[in-house]
Amino acid sequence: MTQDHKYFMQHAIDISRKGMESNEGGPFGAVVVKNGKIIAEGNNRVTSSNDPTAHAEVVAIRNACKALNTFQLDGCIIYTSCEPCPMCLGAIYWARPDKMFYACTKEDAARIGFDDDFIYKELDLKIEDRSIETKQMMNAEGNEVFKLWETKKDKTEY
């Protein structure tokens, strides 16, 4: 592990502590690095912003995309103080960084009350067996917009 990796991970951990101590949210932090420089950072802001999606990784990704004026993080590395939850992992994959490093494991997080295991289990269930009632409706109408997307000449692929 290079000194740079340790430096960036320590920065993510420091952000997690700072955000927690200032009561912005849970003890999570993340940084996005490109070409050896921190492009953006984020800490958990769920409780201070009343936003359940304001996890450290999502905040850092949003900030990095804004700073780089792009919706993909090609050439970037994400350092996060904890193994990402399913939502953050999805966001990381959609952002397409080159690499990700994490410090604490999801088991470490579960020990302090941040247990995402139920979400992983929900994903494996049939829709009708999930804990939140979910029903499909208006499929044909929804697919009309998808058909328009297929033929749209000026779309930006992603």
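**Figure 1. The loop at lysine 126, between helices H6 and H7.** Lysine 126 sits in the loop that joins H6 to H7. The model shown here and in the other views is a predicted one. Is lysine 126 buried or exposed? Lysine 126 counts as exposed because its relative accessibility is 55%, and the cut-off for exposed is over 50%. Ten residues along the chain separate lysine 126 from glutamine 136, and their C-alpha atoms are 13 Å apart. Methionine 138 belongs to the loop between H6 (117-124) and H7 (139-151). Its phi is positive, near 55°, although methionine 138 is a residue other than glycine.

**Figure 2. Glutamate 122 in helix H6.** Glutamate 122 is placed in H6. Which residues does glutamate 122 touch, leaving aside those up to four places away in sequence? They are Arg130, Ser131 and Ile132. Isoleucine 77 is 45 residues from glutamate 122 along the chain, with 29 Å between the two C-alpha atoms.

**Figure 3. The whole protein chain, for orientation of the close-up views.** Seven helices and four strands make up the secondary structure of the protein chain. Read from the N terminus, the order of elements is α-β-β-α-α-β-α-β-α-α-α. The C-alpha trace spans about 55 × 40 × 30 Å along its principal axes. The protein chain has 158 residues, of which 30% count as buried. When contacts between residues at least 6 apart in sequence are considered, 48% join residues at least 24 apart.

**Figure 4. The largest nonpolar core.** In soluble globular proteins, nonpolar side chains tend to be buried together. The largest nonpolar core of this model has 16 residues, and those touching the most other members are Val32, Ile61, Ala64, Leu73 and Ile78. Which elements each supply at least two residues of this core? They are strand E1 (29-34), helix H3 (56-68), strand E3 (76-82) and helix H4 (86-95). H3 gives the largest share, five residues. Another core, of nine residues, lies apart from this one, and its members include Ile15, Val31, Val33 and Ile77. Isoleucine 78 touches Val31, Val32, Ile61, Ile92, Pro97, Lys99, Met100 and Phe101, with residues up to four places away in sequence not counted.

**Figure 5. Helix H3 and its packing.** The buried residues of H3 are Ala56, Glu57, Val58, Val59, Ala60, Ile61, Ala64 and Cys65. What do they pack against? Their partners are E1, strand E2 (37-43), E3 and H4. H3 has 13 residues, so at 1.5 Å a residue it should span 18 Å, and the 18 Å between its end C-alpha atoms agrees with this. Asparagine 69 follows H3 and has a positive phi, near 55°.

**Figure 6. Alanine 12 of helix H1 and threonine 80 of strand E3.** Alanine 12 is found in H1 (residues 3-21), and threonine 80 is found in E3. Alanine 12 counts as buried because its relative accessible area is 0%, and threonine 80 counts as buried because its relative accessibility is 1%; the cut-off for buried is under 20%. Not counting residues up to four places away in sequence, alanine 12 touches Gly29, Ala30, Val31, Tyr79, Thr80 and Ser81.

**Figure 7. Arginine 96 in the loop between H4 and strand E4.** Arginine 96 is in the loop between H4 and E4 (99-104). What is the phi of arginine 96? It is positive, about 60°, although arginine 96 is not a glycine. Arginine 96 is partly exposed because its relative accessible area is 31%, a value in between the cut-offs of under 20% for buried and over 50% for exposed.

Terms used: Residues are numbered from 1 along each chain as its sequence is written. This is a predicted model: local features need pLDDT of at least 70, side-chain atom pairs count only at pLDDT 80 or more; totals for chains, interfaces and linings use all residues. Side-chain values use heavy atoms; hydrogens and water are left out. Buried means under 20% relative accessible area, exposed over 50%, partly exposed in between (1.4 Å probe, protein chains only). Contact means heavy atoms within 4.5 Å. A nonpolar core is a set of buried Ala, Val, Leu, Ile, Met, Phe, Trp, Tyr and Cys residues joined through side-chain atoms within 4.5 Å. The expected span of a helix is 1.5 Å times one less than its number of residues.
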